[in-house]
Amino acid sequence: MIDELGDPWICESRISEAATLTVCTGLTRAQVLDAFSAHHESEPMGDVIEEFTTDPWVAVADLGDGIVLAFEDNGWQGAYAPTLRRVSVAGRVASVYWNVNAVQTLSFAEAGAVLSSTTDYGWIPIDAGGHSTVVEAISGLDFSDWRTQRERALVAVARFTGRHVRRADVDAVLDADRAHRILPWLDDHYPSSAGSDVRTRRELAGSLCGPGMEAVGSLPDDALRDLAWTLAEGVCGETGLLAEDPAAGESIALRALTPQAELAARASTLSTGTHVTGWAVLHDASNPDAFNAVLQVHSRARFALPGADDVLRLAAGSA
């Protein structure tokens with residue numbers, strides 16, 4: 001078992017304020033870039049940082065023995081479930097993320113599945129999710145000392161992947177001064193916490209959509225799906241997306257994001273992106289859980305579409 005902690009070095013390093021370090025096994029450097037949805041062409045890291053945007057980028061380094069380090073300065077794609085799943089398809093991956101707001105995440109993934117990803121590991125006990133490999137990785141590590149939390153997280157990463165990340169590894173990445181821009185993956189779809197229980201759905205609909213909307217929770221899934229796409233179409237029409245991009249209309253007609261629409265939705269989240277709300281509601285409407293699709297689309301539509309509540313009330317009246 002790997003137990004080396006070493007000197008606490010992160011506080012005095014160039015990455016002390018915010019970073020994500022992701023150790024990947026089983027993939028080549030190029031494959032890691034693909035898993036991050038990063039351009040293979042690189043740019044000077046310093047130039048990208050000086051743009052002062054939140055657009056994500058990653059630097060990658062081959063550490064040898066089939067292990068690749070992905071480094072993000074003030075980024076977090078390596079701690080993001082869609083990335084973790086893709087980058088772990090051929091092996092194990094573990095990442096540690098922190099920022100200046102004391103948000104910290106320690107994540108483990110293997111064979112395309114996220115095993116555990118826990119935020120604020122310094123204060124909340126880590127839930128290993130019942131996976132013995134994660135239990136072994138964090139066994140005996142005390143995260144209560146803020147001065148060594150991140151280094152102890154790197155011990156857990158090393159136990160899980162077989163490779164320590166040392167200061168020299170990070171310095172080598174920084175000195176190489178190469179960054180690869182990322183086109184972020186879309187958020188995962190999740191089912192509603194209410195499940196299929198109608199009573200709980202009604203309570204949730206009234207709580208999140210407003211008084212008098214409880215009946216939305218009684219609607220069958222086909223009616224809910226119609227409602228989600230009706231609201232999404234209204235938002236896209238109101239914001240001008242339908243008039244500007246045929247892919248939006250094609251997605252509404254198919255009730256699913258087309259490949260072209262998915263790329264546009266992802267690009268909309270960048271600093272140069274447009275129609276963020278329109279693409280977001282189309283993505284929300286495609287949630288396989290029709291009830292949660294309505295809740296998510298409505299949460300955006302009520303601010304972007306005049307009469308959004310009226311559309312919901314009309315549907316609720318038919319329940």
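Where is the place of His 275? His 275 sits in the loop between α11 and α12. The phi of His 275 is near 55 degrees, which is a positive value in a residue other than glycine. With a relative accessibility of 18%, His 275 counts as buried, because the cut-off for buried is under 20%. The model discussed here is a predicted one.

Some overall figures give the setting. The protein has 319 residues, and 50% of them count as buried. Its secondary structure comes to 14 helices and eight strands. The C-alpha trace spans about 65 × 40 × 35 Å along its principal axes. Among contacts between residues at least 6 apart in sequence, 65% join residues at least 24 apart.

Two packed helices are described by the angle between their axes and the distance between the axes. The crossing of the two helices is left-handed. On the α12 side the contact is made by Thr 277, Ala 280, Val 281, Asp 284 and Ala 285, and on the α13 side by Ala 293, Gln 296, Val 297, Arg 300 and Ala 304. By class, six of these residues are nonpolar, two are polar and two are charged.

The other partner is α8, which runs over residues 221-239. The axes of α8 and α12 come within 9 Å and cross at roughly 170 degrees; these two helices are therefore roughly antiparallel to each other. Here Thr 277, Gly 278, Val 281, Leu 282 and Ala 285 of α12 meet Ala 228, Trp 229, Ala 232, Val 235 and Cys 236 of α8. This contact divides into eight nonpolar residues, two polar and no charged.

Val 281 takes part in the contact with α13 and in the contact with α8. This residue lies in α12 and, at 0% relative accessibility, counts as buried. Leaving aside neighbours within four places in sequence, Val 281 is in contact with Ala 232, Val 235, Cys 236, Val 297 and Arg 300. Asp 310 is 29 residues from Val 281 in sequence, and the two are 18 Å apart in space, C-alpha to C-alpha.

Helix α13 also packs with α7, which covers residues 198-209. The angle is about 10 degrees and the axes are 11 Å apart. The helices α7 and α13 are therefore roughly parallel to each other. Arg 201, Leu 204, Ala 205, Leu 208 and Cys 209 of α7 make this contact with Phe 291, Leu 295, His 298 and Arg 302 of α13. By class, the contact has six nonpolar, one polar and two charged residues.

Next comes α10, residues 246-254, in which Ala 247, Ala 248, Ser 251 and Ile 252 are buried. Seen down the axis of α10, the buried residues fall within an arc of 140 degrees, so they line one face of the helix. They pack against α8, α9 (241-244), α11 (259-267) and α12. The face turned away from the buried side of α10 carries the exposed residues Pro 246, Ala 253 and Leu 254. In the loop between α10 and α11 is Arg 255. The phi of Arg 255 is near 55 degrees, again a positive value in a residue other than glycine. At 39% relative accessibility, Arg 255 counts as partly exposed, whereas His 275 counts as buried at 18%.

A further helix to look at is α6, residues 167-176, whose buried residues are Asp 169, Val 170, Val 173 and Leu 174. These cover an arc of only 130 degrees around the axis, which puts them on the same side of α6. What covers them includes the strands β1 (19-25), β3 (57-64) and β4 (67-73), as well as helix α2 (45-49). Ala 168 and Asp 175 are exposed residues on the face of α6 turned away from its buried side. After α6 comes Asp 177, whose phi is positive, near 60 degrees.

How values were computed. Residues are numbered from 1 along each chain as its sequence is written. This is a predicted model: local features need pLDDT of at least 70, side-chain atom pairs count only at pLDDT 80 or more; totals for chains, interfaces and linings use all residues. Side-chain values use heavy atoms; hydrogens and water are left out. A crossing is left-handed if the near helix is turned anticlockwise from the far one by less than a right angle, and right-handed if clockwise. Helices (H or I, at least four residues) and strands (E, at least two) are DSSP runs, numbered from the N terminus. Contact means heavy atoms within 4.5 Å. Ala, Val, Leu, Ile, Met, Phe, Trp, Tyr, Cys and Pro count as nonpolar, Asp, Glu, Lys and Arg as charged, and the others, Gly among them, as polar. Buried means under 20% relative accessible area, exposed over 50%, partly exposed in between (1.4 Å probe, protein chains only). The arc is that of the directions from the helix axis to the C-beta atoms. Axes are lines fitted to C-alpha atoms, for helices over the stretch in contact, and angles run from 0 to 180 degrees between N-to-C directions. Angles under 35 degrees count as roughly parallel, over 145 as roughly antiparallel, 65 to 115 as roughly perpendicular and the rest as oblique.
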